[in-house]
Structures are given as C-alpha cells and as structure tokens.
Amino acid sequence: MNNILLTRANFYSFLSRLLLFELDLKTLKELRENKNIFELFPNLQTWDSWQNLSDNELLNSHINPDFTNISILHLVPYESFYTREDAMIESGGANLVTNFYHEFGFKVEFNEARVVAPDHIGIELAFMSLLINGENNALINNDIKTAEKILNTQKQFMETHLINWISLYLINFKFEARTPLYYDLGETALAFIFEDYNYINIIIDGKN
Amino acid sequence: MNNEIDALRAEFDKFVVEKCSINEKDRREKDEENEIPKDELPLFSDELARRLLTPQIAGANISRIDLKMISDETGDNVAVSNRNRMLKAILRHKRNREEIEPIFKSIDSRLNGRILLYREIIEAYPKSTNIFLNYINKIENLQSFMQTTLINFAEIDSDSPPISFDS
C-alpha cells in the first residue's frame with residue numbers, strides 16, 4: 001500500500017472519530033499509549049490531568065464534558081449551518097453532500113453515527129478517508145485512470161464542501177475548548193486539512 | 001380542609017399544564033412571552049442579528065461564548081441561551097449612541113481577531129487564499145454596516161415631543 005495514501009486515509013479516519021463522538025475508555029487508552037501523541041497534541045505534555053488522573057476520572061471530569069460543551073451545546077458541527085443564508089441544518093435529501101456520497105456508495109447510518117444530517121464534520125472526514133482508500137485500491141489494481149478520477153473527486157469535494165466551512169467551525173472549536181486535547185485537536189485538524197488540500201493540488205498540478 | 005386540598009391540587013395541576021405543555025400553540029405563546037418586546041430594542045436589532053449571527057453572511061461564526069464574552073465586557077452579563085435572544089438581551093434598553101458604541105466595539109474586536117487569524121492561515125496555506133479573503137470581505141461588510149448604523153443612530157428621548165410632519 002502507498003504509505004502516503006495510507007497515512008492520509010488513516011488520519012482522516014482518526015479526525016473523523018474524534019470529532020464525531022466523545023472519547024471512550026478504549027480510545028483514550030490508545031491515545032495515551034501512542035508514543036507520537038505529543039506531536040499531534042503538544043499541550044497534553046504540560047496538562048497535569050493528562051499526566052496524573054486515571055482514565056475514568058480524566059474522561060468523566062474533563063474530556064467528555066468538554067466535548068459535549070463544544071460539539072453539542074455551543075457549536076454546530078454541520079456544514080449547512082455555515083453555508084446557508086438562513087443558518088439552518090439541511091437534514092434531508094436536498095443536502096448536496098449526498099451527491100458525492102451516492103457516487104461512491106457511501107451511506108450515512110444516522111442512528112449509528114448519532115447525526116441529524118449527512119454534512120456533519122465527522123461524516124465528511126470519513127468520506128475523505130473512503131475516497132483515499134478507493135484511490136489506493138485503484139492503484140493496487142493498476143487502474144490509474146480510476147485513481148486519478150478519485151484524486152480529482154477529493155479535490156472537488158474539498159472545494160465544494162469541506163474547506164468552505166470547516167475553518168469557521170474549527171477556529172471556534174479550538175478557542176472554546178477547555179481541555180488541551182480538544183484545543184490541540186482543533187489546531188491539528190485545521191492544519192492537516194489545509195496541508196492536505198495543498199498536497200492534492202501539488203499532485204494534480206504535477207500530473208497536468 | 002378537603003376543599004382547601006382540592007383547590008391546592010387544582011392550582012398545582014394548572015401550574016403543571018401551563019409549564020409543561022407540549023401543545024404547539026401553548027409553546028408558541030410561551031416563546032412569544034419570553035421574546036423581548038420590540039419597543040425595548042433599537043430598530044436595527046433584527047438586521048444586526050441576521051448579519052452577525054449567520055456565518056454565511058458574517059464571514060465568521062459568532063457563538064454563544066462570543067456573545068457571553070461581549071456581554072461580560074460591556075457589563076450586561078446576559079444568560080447563555082439561543083444566540084438571537086442573547087444578542088437582543090445585550091441590546092435591550094440601549095437608547096443612545098454612548099450605550100451602543102461599547103457593544104459594537106466589543107463585536108468589532110472579535111471580528112478583527114478573526115481577520116487576523118484568517119490572514120495567518122492565508123500566509124501558511126496560500127491555496128486557501130480565496131476562501132479566507134471571501135470571509136474577510138464579509139466581515140468588512142458587516143463592520144461597515146455597524147459603523148454606518150452607529151453614525152446614523154438617532155437618539156429618541158422618551159421625553160421628546162411628538163414629531164410633527166405637517167409644519
């Protein structure tokens with residue numbers, strides 16, 4: 001598998017997970033055991049609670065209340081809120097992200113994902129992961145044409161949807177977070193998405 | 001004694017029905033009850049709410065936390081609730097330019113903070129320039145609207161005589 005594609009797909013998946021749901025014990029343990037965690041979340045190094053509290057206490061007293069506060073109570077993690085002139089969430093089939101999803105057989109399980117619309121930030125990031133995995137599979141099968149088509153779809157999806165609104169959400173997410181975990185997540189997610197957009201453009205321009 | 005208890009029970013049941021009704025009409029009437037009366041708000045309030053609280057128009061997301069901080073800075077200390085209501089609570093009873101100016105200044109300060117951030121992002125990620133220039137443009141339009149509103153804001157004193165248009 002192409003290492004860069006693997007890394008990109010996995011990172012989109014990682015961001016999707018952290019922005020879609022509150023942490024559970026399993027995910028927290030994985031984060032705490034990850035040797036590279038401080039590269040992505042540098043402020044965790046100096047956060048006393050991260051160093052000293054048990055998993056349960058950290059989760060229940062700090063991390064999950066913070067996630068609930070920013071992702072559910074105060075901020076709206078749905079694209080249509082930021083792109084519609086009436087600031088409403090488009091929860092129906094008229095939501096334009098579904099045009100992309102349908103083309104690639106990507107179906108949103110609303111109950112499982114606990115979302116009310118298909119343009120939740122976590123869902124859009126999961127879709128990017130799917131596209132990148134699709135690109136990689138095409139390359140493995142020597143289907144260069146399909147791989148290029150999927151790469152172009154990634155660019156289109158980012159331009160039509162993701163980068164049109166995500167900074168409006170993540171800027172507030174970062175500055176309203178009360179834990180270093182989510183503060184750094186906001187920063188890291190924003191940086192990664194724009195770096196990736198830059199990367200995609202370089203690759204496509206190189207091919208042309 | 002039994003009559004008193006029955007009366008108390010009836011009063012309690014009435015209270016529960018009024019406070020906990022899921023009837024759409026009752027809910028709407030209650031929402032209207034909680035609305036700030038229009039005559040307690042400056043005339044520009046609705047338009048400001050539309051421009052400031054719609055990210056697509058404002059070029060920024062002004063959240064409840066932003067509004068809470070604006071209210072704390074201007075000494076209003078409004079309760080956290082829906083953003084429209086919070087903004088109107090901040091503007092409530094403000095009748096002259098001197099009272100409105102600090103609010104606009106606080107809003108302006110938050111918007112300028114966003115512009116700074118956007119410029120940093122443009123510098124770091126030049127491919128994102130169009131997106132953030134668009135946001136900056138929207139913010140500047142909003143700031144221009146606020147400036148014009150403040151300049152044109154006419155103080156209407158409650159003791160002023162009626163305005164005659166026939167003389």
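1. A residue is called buried here if 20 or more other C-beta atoms lie within 10 Å of its own, exposed if 12 or fewer do, and partly exposed in between, with C-beta atoms placed from the backbone. Helices (H or I, at least four residues) are DSSP runs numbered from the N terminus.

2. The model is predicted: local features need pLDDT of at least 70 and side-chain atom pairs count only at pLDDT 80 or more, whereas totals for chains, interfaces and linings use all residues. Residues are numbered from 1 along each chain as its sequence is written, and chains are lettered from A in the order in which they are written.

3. In chain B, helix H3 (residues 45-53) has as its buried residues B:Leu48, B:Leu52 and B:Leu53. Seen down the axis of H3(B), these fall within an arc of 95 degrees, so they line one face of the helix; the arc is that of the directions from the helix axis to the C-beta atoms. The buried residues of H3(B) pack against helices H4 (55-58), H6 (83-91), H7 (97-124) and H8 (129-152) of chain B.

4. A:Ala9 belongs to helix H1 (residues 3-20) of chain A. A:Ala9 counts as buried because it has 21 C-beta neighbours inside 10 Å. Leaving aside residues up to four places away in sequence, A:Ala9 touches A:Ser129, A:Ile132, A:Asn133 and A:Asn136; contact requires C-beta atoms, placed from the backbone, within 7 Å.

5. Between the chains, 20 residues of chain A are in contact with 16 residues of chain B. On the chain A side, helices H6 (79-83), H10 (144-176) and H11 (180-207) are the elements giving two or more residues. H10(A) gives the most, with eight residues.

Methods: Two residues are in contact if their C-beta atoms, placed from the backbone, lie within 7 Å.
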